[in-house]
Amino acid sequence: MQAVQFAEHGDTDVIEYGEYPDPEIDRDEVLVDIKAAALNHLDIWTRRGMPGIDLEMPHIPGSDGAGVVEDVGEDVTRFEEGDHVALSAGVGDLRMDDPTLDPRFHIIGEHVTGVHSEYAAIPEDNLIPVPDHVDWAVAGSSSLVFQTAWRMLIERADLEAGEDVLVLGASGGVGHAALQIADYAGAEVYATGSTEEKLDYAEEHGADHVCNYEEEDFADWVLSETGGRGVDVVVEHVGAPTWQNSLKSLTKGGRLVTCGGTGGGNPETDIPRIFWNQLQIIGSTMATPDQVDDVMELVWDGTFEPAIREELPMSETARAHEIIENREGFGKVVVRPDSER
């Protein structure tokens, strides 16, 4: 088969699209004919190399994808040939109440072979059914960001209707999902973006107040908009460049929930502000199977929709990485096997 792959960590020039051995399924796995997949910032980090993660090379990236079931292992009971399915990339012990807390928890595409390829062998437990009417670009680009944002807001931050929420980078991957979920939950939504186009998108998808962070300090803006009170919840995924202002934006007793640090993972922090204002710093990673089912039903029925900035053939995946790294446009970048185009 043809697959996106890299044999060493580095810049986009390490990415190749070429022949790779066809996957063989185990007893509990499903062979999926990939119709569409998508990139996340996770793919950038994986390509560059992350401390503590030793990948088998060459590595196929990709933690978002969808396609048609081609074959099933003998122990598979939930799927059969011809079914439409999408990847849910988190792998944990399903006997636990919360598999994301499994010490061996890992992510398909980050720690093990991903799905940016013509075919993928995926454990049955990591597939979710996709209704036949759902477009492949939607099915292949929604799971990771919407499950992440749903767990962040609904489960970890315990968001309630009427609360104030600040969503950073509201037109990015997790940001645009969090924006829609916060609005769905009945929150008053404050959103940041770097261009008028991104702010227009935010307003069209649930933001009640918007701020161009390139033109003004977003923490000062939040405090002005809320009469000096601040917001109840901040959705953080940027890290070092925004961390101090995120804390400053919170009201007393507020919650900052974070799923990553695309701008830097080791920010300076304001400990006196945290303890004096009794702030909560909440980490969140992926979602449980039940949480995935809850949010993806709302994607499949059109309540939530992924923003898709561009669709490219997998042979142009290096360009897809550049689009994300250079922050060109907003939303997800979808890649399709060249044979599907």
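Is Asp-98 buried or exposed? Asp-98 counts as buried, at 16% relative accessibility. The cut-off for buried is under 20%. Please keep in mind that this is a predicted model. My points follow.

1. **Asp-98 and Arg-151.** Asp-98 has a charged partner. Arg-151 forms a salt bridge with Asp-98, and the closest N and O atoms are 2.8 Å apart. The pair links distant parts of the chain, 53 residues apart. Arg-151 sits in helix α3, while Asp-98 sits in the loop between β6 (90–91) and β7 (106–107). Arg-151 also counts as buried, because its relative accessibility is 6%.

2. **Salt bridges overall.** The structure holds 19 salt bridges. As background, side chains of opposite charge can pair when their charged atoms come close.

3. **Asp-220 and Lys-248.** These two residues form a salt bridge, with 3.0 Å between the closest N and O atoms. Asp-220 belongs to helix α6 (residues 218–225) and Lys-248 to helix α7 (residues 243–248), so the bridge ties together parts 28 residues apart in sequence. Asp-220 is partly exposed, with a relative accessible area of 41%. Lys-248 counts as partly exposed too, at 27% relative accessibility.

4. **Glu-311 and Arg-336.** Here the salt bridge has its closest N and O atoms 2.9 Å apart. Glu-311 is in strand β16 (residues 308–313) and Arg-336 is in strand β17, so parts that are 25 residues apart in sequence are tied together. Glu-311 counts as partly exposed, at 33% relative accessibility. Arg-336, at 15%, counts as buried.

5. **Helices α3 and α4.** How do these two helices pack? Helix α3 (residues 143–156) and helix α4 (residues 173–184) pack at an angle of about 50 degrees, and their axes are 8 Å apart. That angle makes α3 oblique to α4. The crossing of α3 and α4 is right-handed. Helix α3 is also the helix that holds Arg-151 of point 1.

6. **Helices α1 and α10.** The axes of α1 and α10 cross at roughly 110 degrees and come within 10 Å. Angles from 65 to 115 degrees count as roughly perpendicular. The two helices, α1 and α10, are therefore roughly perpendicular to each other. Their crossing is left-handed.

7. **Cis peptide bond.** Please check the backbone at Pro-58. A cis peptide bond joins Met-57 and Pro-58, with omega at about -5 degrees. Pro-58 is placed in the loop between α1 (41–48) and β4 (64–72).

8. **Positive phi values.** Two residues other than glycine deserve a look. Gln-278 has a phi near 55 degrees, a positive value. Gln-278 lies in the loop between α8 and β15 (280–283). Gln-278 is exposed, with a relative accessible area of 62%. Arg-327 likewise has a positive phi, near 55 degrees. Its place is the loop between α10 (317–325) and β17 (332–336). Arg-327 counts as partly exposed, at 45% relative accessibility.

9. **Nonpolar surface patch.** Which residues form a nonpolar patch on the surface? They are Ile-271, Phe-275 and Trp-276. Together they have about 420 Å² of accessible area. Trp-276 lies in helix α8 (residues 271–276). Trp-276 is exposed because its relative accessible area is 64%, and the cut-off for exposed is over 50%.

10. **Gly-92 and Trp-276.** How far apart are Gly-92 and Trp-276 in space? The C-alpha to C-alpha distance is 37 Å. In sequence, Gly-92 and Trp-276 are 184 residues apart. Gly-92 is found in the loop between β6 and β7, and Asp-98 is in that loop as well. Gly-92 counts as partly exposed, at 22% relative accessibility.

Terms used. Residues are numbered from 1 along each chain as its sequence is written. This is a predicted model: local features need pLDDT of at least 70, side-chain atom pairs count only at pLDDT 80 or more; totals for chains, interfaces and linings use all residues. Side-chain values use heavy atoms; hydrogens and water are left out. Patches are made of residues with over 30% relative accessible area and no salt bridge: like charges are joined within 9 Å, nonpolar side chains (Val, Leu, Ile, Met, Phe, Trp, Tyr) within 5 Å. Accessible areas come from the Shrake-Rupley method with a 1.4 Å probe; for residues, only the protein chains shown count as cover. A salt bridge is a side-chain nitrogen of Lys or Arg within 4 Å of a carboxyl oxygen of Asp or Glu. Helices (H or I, at least four residues) and strands (E, at least two) are DSSP runs, numbered from the N terminus. Buried means under 20% relative accessible area, exposed over 50%, partly exposed in between (1.4 Å probe, protein chains only). Axes are lines fitted to C-alpha atoms, for helices over the stretch in contact, and angles run from 0 to 180 degrees between N-to-C directions. Angles under 35 degrees count as roughly parallel, over 145 as roughly antiparallel, 65 to 115 as roughly perpendicular and the rest as oblique. A crossing is left-handed if the near helix is turned anticlockwise from the far one by less than a right angle, and right-handed if clockwise.
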